[in-house]
Amino acid sequence: MRLETALRNGKVKIKKPTDLFVKKVNKYSESLGDAFFLSKADVQILALALELKNMNFSPLIATDDYSVQNVANMMNIEFASLLTFGIKFRVHWVRYCPACKRKYPPNYKLNTCAICGTKLKRKPYRKATLNKHK
Ligand SMILES: [Zn+2]
C-alpha cells in the first residue's frame with residue numbers, strides 16, 4: 001500500500017532499462033566473470049543504473065550482492081549495502097481493535113472491529129531478520 005501511494009505521488013517510479021544497456025552490462029559482467037552469478041533482475045538493475053548515469057543522473061544501487069557491487073564498481077556506479085539504509089528487519093503486522101483487543105488477520109477486509117465497530121489499529125507482531133544474500 002505504501003508502494004502504491006509512493007507510485008501515485010511520483011516518489012517512486014518503476015523503469016525498465018533499454019536493451020542497449022542490458023547488453024553493455026552483460027559485456028562488463030562477462031569480462032569480470034560475474035555473469036554467472038547475476039540474476040535477470042540484477043542485470044536489469046545494473047543496466048538501468050548505467051542508463052541513468054548516461055543521462056547525467058547519479059544512480060545509487062542498494063544491494064548486498066557481491067557480484068552486483070563488483071559490476072557496479074567497474075561501471076563507476078555507486079552502491080551501498082542495505083544495512084546503510086537501516087533495512088534490517090522485515091516487519092509483519094497484526095491488526096487489532098484498541099477497544100476490545102480482538103485481533104484480526106492481515107487479509108481481514110474491514111477497517112473496523114466486527115464486534116464493537118471501533119476503527120482497527122495495527123502493530124508489528126514479529127520481526128524477521130532479513131536473509132543474507134548468498
Ligand atoms: Zn472491538
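The structure is a predicted model, in which local features need a pLDDT of at least 70, side-chain atom pairs count only at pLDDT 80 or more, and totals for chains, interfaces and linings use all residues. Residues are numbered from 1 along each chain as its sequence is written. As for confidence, pLDDT (the predictor's confidence in each residue, from 0 to 100) averages 85 over the protein chain, and 87% of the residues score at least 70. Helix α3 comes out highest, at a mean of 95, while strand β5 (residues 121–129) is lowest, at 69. Where pLDDT is low, the predicted coordinates should not be read in detail.

The protein chain holds 4 helices and 5 strands. Here helices (H or I, at least four residues) and strands (E, at least two) are DSSP runs, numbered from the N terminus. Going along the sequence, the order is α-α-α-β-α-β-β-β-β. Of the 134 residues, 17% are buried; a residue gets that label if 20 or more other C-beta atoms lie within 10 Å of its own, is exposed if 12 or fewer do, and is partly exposed in between, with C-beta atoms placed from the backbone. Two residues are in contact if their C-beta atoms, placed from the backbone, lie within 7 Å. Among contacts with a separation of 6 or more, 48% join residues 24 or more positions apart.

Now for the helix packing. Axes are lines fitted to C-alpha atoms, for helices over the stretch in contact, and angles run from 0 to 180 degrees between N-to-C directions. Angles under 35 degrees count as roughly parallel, over 145 as roughly antiparallel, 65 to 115 as roughly perpendicular and the rest as oblique. Helix α2 (residues 19–32) and helix α3 (residues 40–54) have axes that come within 8 Å and cross at roughly 110°, so α2 is roughly perpendicular to α3. On the α2 side, the contact is made by F21, V22, K24, V25 and N26, and on the α3 side by V43, Q44, L46, A47, L50 and E51. Sorted by class, these are 7 nonpolar, 2 polar and 2 charged residues, where Ala, Val, Leu, Ile, Met, Phe, Trp, Tyr, Cys and Pro count as nonpolar, Asp, Glu, Lys and Arg as charged, and the others, Gly among them, as polar.

Helix α3 also packs on helix α4 (residues 66–74), at an angle of about 25° and with the axes 11 Å apart, which makes α3 roughly parallel to α4. This contact brings D42, I45, L46 and A49 of α3 up against V68, V71 and A72 of α4, giving 6 nonpolar residues, no polar ones and 1 charged. The axes of α2 and α4, in turn, come within 10 Å and cross at roughly 110°, so α2 and α4 are roughly perpendicular to each other. There, V25, Y28, S29 and L32 in α2 meet N70, V71 and M74 in α4, a set of 5 nonpolar and 2 polar residues with no charged ones.

A6, in helix α1 (residues 2–8), is exposed because 12 other C-beta atoms lie within 10 Å. Leaving aside residues up to four places away in sequence, A6 touches K11 and V12. S81 sits in the loop between β2 (78–80) and β3 (89–96), and with 12 C-beta neighbours inside 10 Å it counts as exposed. S81 and A62 are 19 residues apart in sequence, yet their C-alpha atoms are 5.7 Å apart in space.
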